[in-house]
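Subject: Structure handover

Hello,

Here is the structure we spoke about. Please look it over before your own work begins; my notes follow below it.

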Amino acid sequence: MMISIEDYLAGIPKRYQGIYQKAMQGQSKKAAIYAKCLDCVNWQRKEVALCVVNTCPLYPYRKTAANSARALLEGTAERKTAGGR
Ligand code: SF4
């Protein structure tokens with residue numbers, strides 16, 4: 001059974017919805033890698049860093065993607081603050 005992107009997005013923790021949307025809009029390969037890794041570990045950020053599945057094709061990229069995504073998240077937070085709330 002297929003699920004709509006909108007329904008899937010609704011089930012993602014709010015903190016990561018922007019990453020997922022950026023990935024699904026084809027805006028960032030790093031966001032796509034990080035979103036897939038987060039999905040793989042049930043959206044538990046620390047588990048991405050602890051992943052030991054070195055046979056996964058995403059394994060070599062997960063930390064770089066996570067660092068970029070973290071900066072992206074922090075950038076989002078800065079924009080919200082700078083916008084006067
Ligand atoms: S690198 Fe690890 S966390 Fe990422 S998709 Fe592969 S198995 Fe899952």
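**What was found**

The model is predicted, with a mean pLDDT of 85 for the chain and 87% of residues at 70 or more. Confidence is highest in helix α1 (residues 5-10), at a mean of 96, and lowest in α5, at 65. Over residues 77-85 the pLDDT stays under 50, and the model has zero contacts beyond four places in sequence for them. Please treat that stretch accordingly.

**Overall fold**

The chain has five helices and zero strands, so its order from the N terminus is, by the DSSP runs, α-α-α-α-α. Of the 85 residues, 18% are buried. Taking contacts between residues at least 6 apart in sequence, 40% join residues at least 24 apart.

Helix α3 covers residues 29-40. With 12 residues at 1.5 Å each, α3 should span 16 Å, and its end C-alpha atoms are 16 Å apart, so the two values agree. Buried residues in α3 are K30, A31, A32, I33, Y34, A35, C37 and L38. Just after the helix, N42 takes a positive phi of about 55°.

In soluble globular proteins, nonpolar side chains tend to be buried together. Here the largest nonpolar core holds 13 residues, and the members touching the most others are I19, A23, A31, Y34, A35 and C37. At least two residues of this core come from each of α2 (14-24), α3 and α5 (62-82). The largest share, seven residues, is supplied by α3.

Leaving out residues up to four places away in sequence, Y34 touches I19, A65, A66 and A69. Note that α5, one of the suppliers of this core, is also the element with the lowest mean confidence.

**Around the ligand**

Which residues lie around the ligand? They are K36, C37, C40, V41, V48, C51, V53, C56, L58, Y59 and R62. By class, this shell divides into nine nonpolar residues, two charged and no polar. Helix α3 gives the most to the shell, with three residues.

Regards

Methods:
Residues are numbered from 1 along each chain as its sequence is written. This is a predicted model: local features need pLDDT of at least 70, side-chain atom pairs count only at pLDDT 80 or more; totals for chains, interfaces and linings use all residues. A residue is near a molecule or strand if its C-beta atom, placed from the backbone, lies within 6 Å of it. Helices (H or I, at least four residues) and strands (E, at least two) are DSSP runs, numbered from the N terminus. Ala, Val, Leu, Ile, Met, Phe, Trp, Tyr, Cys and Pro count as nonpolar, Asp, Glu, Lys and Arg as charged, and the others, Gly among them, as polar. A nonpolar core is a set of buried Ala, Val, Leu, Ile, Met, Phe, Trp, Tyr and Cys residues joined through C-beta atoms within 7 Å. A residue is buried if 20 or more other C-beta atoms lie within 10 Å of its own, exposed if 12 or fewer, and partly exposed in between; C-beta atoms are placed from the backbone. Two residues are in contact if their C-beta atoms, placed from the backbone, lie within 7 Å. pLDDT is the predictor's confidence in each residue, from 0 to 100. The expected span of a helix is 1.5 Å times one less than its number of residues.
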